[in-house]
Amino acid sequence: MQEFHALLELLAMLATDPRIVVLFVLLVVASISDYRTYRIPNWLTFGGAAFALVYKTVIAVSPPTAFLQAFGGLFLGFLIMLPAYALGVMGAGDVKLMAMVGAFLGVHETLQAVLFAFIVGGIAALGFALLKGKLGRMLHNAKAAVFGMVASTFAGFRPDARIEANQSIGKLPYGICISIGTMGYVLGRQLGYA
């Protein structure tokens, strides 16, 4: 009976907050695009972020505060994912997608959504490596990247943790992981699990 009430609350949230419906639609489109082409279009990320910033500002009781929350979430989502892009383990579209998610969720919820995306991404990477029979190679690459970052921190030089093409285990469409993690977080929060 409690699950039924939670489901009704979830449906009510989706009906009364079109922002979440738009976010979910954009995430599904981004996932499909990333799966098919390994690209997430700029029109989707920039358009989605602009929608979130305007929507949150217009419907808010305090527009300046709402805008700052949305912009802060956008900036935080971008900032957290930027090091992975700099190391070459994530594409620019993935970084922009997480920034868009941040604009929808705001500062406080962006951290949780990123955490959920990282968990989904870690599980997907392990599954991908196991499926390809390259778990040892993936663990070696991760160890080398971490060692390079730590060594460069202490030595004071910029890390060069990019993986040679022949050492890579393949491409993982990380936009799907961001989408699943974000949707899982939003649904879990609404159902009282997150």
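This is a predicted model: local features need pLDDT of at least 70, side-chain atom pairs count only at pLDDT 80 or more; totals for chains, interfaces and linings use all residues.
## Helix 4 against helix 5

On the helix 4 side they are Ala 70, Gly 73, Leu 74, Gly 77, Phe 78, Met 81, Leu 82 and Tyr 85. On the helix 5 side they meet Ala 92, Val 95, Met 98, Ala 99, Gly 102 and Ala 103. Sorted by class, this contact has eleven nonpolar residues, three polar ones and no charged ones.

How do we put such a pairing into numbers? Two packed helices are described by the angle between their axes and by the distance between those axes. For helix 4 and helix 5 the angle is about 155° and the axes are 6 Å apart. Because angles over 145 degrees count as roughly antiparallel, helix 4 is roughly antiparallel to helix 5. The crossing of helix 4 and helix 5 is right-handed.

## Helix 3 against helix 5

Helix 5 also packs with helix 3, at an angle of about 15° and with the axes 8 Å apart. That angle is under 35 degrees, so helix 3 is roughly parallel to helix 5. Here the crossing is left-handed.

To find this contact in the structure, look in helix 3 for Asn 42, Leu 44, Thr 45, Phe 46, Gly 48, Ala 49, Phe 51, Ala 52 and Lys 56. Their partners in helix 5 are Gly 93, Lys 96, Leu 97, Met 100, Ala 103, Phe 104 and Leu 105. The residues of this contact divide into ten nonpolar, four polar and two charged.

## Helix 5 against helix 6

Is helix 5 parallel, antiparallel or oblique to helix 6? The two axes come within 7 Å and cross at roughly 135°, which makes helix 5 oblique to helix 6. Their crossing is right-handed.

Met 98, Val 101, Gly 102 and Leu 105 of helix 5 make this contact with Val 107, Glu 109, Thr 110, Ala 113 and Val 114 of helix 6. By class there are six nonpolar, two polar and one charged residues.

## The nonpolar core

In soluble globular proteins, nonpolar side chains tend to be buried together. In this model, the largest nonpolar core has 34 residues. Those with the most contacts inside this core are Leu 23, Leu 97, Met 100, Val 101 and Ile 178. Which helix gives the largest share? Helix 5 does, with nine residues.

Setting aside residues up to four places away in sequence, Leu 97 touches Leu 27, Ala 30, Ile 40, Leu 44, Thr 45, Gly 175, Ile 178 and Ser 179.

Asp 94 sits in helix 5. Is Asp 94 buried or exposed? Its relative accessibility is 8%, so Asp 94 counts as buried. Leaving out residues up to four places away in sequence, Asp 94 touches Asp 34, Ile 40, Tyr 174, Gly 175 and Ile 178. Asp 94 and Ile 178 are 84 residues apart along the chain, and their C-alpha atoms are separated by 7.7 Å. Thr 182, in helix 8, is buried too, with a relative accessible area of 0%. Beyond its neighbours within four places in sequence, Thr 182 is in contact with Leu 23, Leu 27, Met 98, Val 101, Leu 105 and Ala 113.

Tyr 38 lies in the loop between helix 2 and helix 3. At 39% relative accessibility, Tyr 38 counts as partly exposed. Most residues other than glycine have a negative phi. The phi of Tyr 38, however, is near 60°, a positive value.

## The whole chain

Now zoom out. The protein has eight helices and zero strands, so from the N terminus on, its elements run α-α-α-α-α-α-α-α. Of its 194 residues, 38% count as buried. Among contacts between residues at least 6 apart in sequence, 74% join residues at least 24 apart.

Conventions: Residues are numbered from 1 along each chain as its sequence is written. Side-chain values use heavy atoms; hydrogens and water are left out. A nonpolar core is a set of buried Ala, Val, Leu, Ile, Met, Phe, Trp, Tyr and Cys residues joined through side-chain atoms within 4.5 Å. Buried means under 20% relative accessible area, exposed over 50%, partly exposed in between (1.4 Å probe, protein chains only). Helices (H or I, at least four residues) and strands (E, at least two) are DSSP runs, numbered from the N terminus. Contact means heavy atoms within 4.5 Å. Axes are lines fitted to C-alpha atoms, for helices over the stretch in contact, and angles run from 0 to 180 degrees between N-to-C directions. Angles under 35 degrees count as roughly parallel, over 145 as roughly antiparallel, 65 to 115 as roughly perpendicular and the rest as oblique. A crossing is left-handed if the near helix is turned anticlockwise from the far one by less than a right angle, and right-handed if clockwise. Ala, Val, Leu, Ile, Met, Phe, Trp, Tyr, Cys and Pro count as nonpolar, Asp, Glu, Lys and Arg as charged, and the others, Gly among them, as polar.
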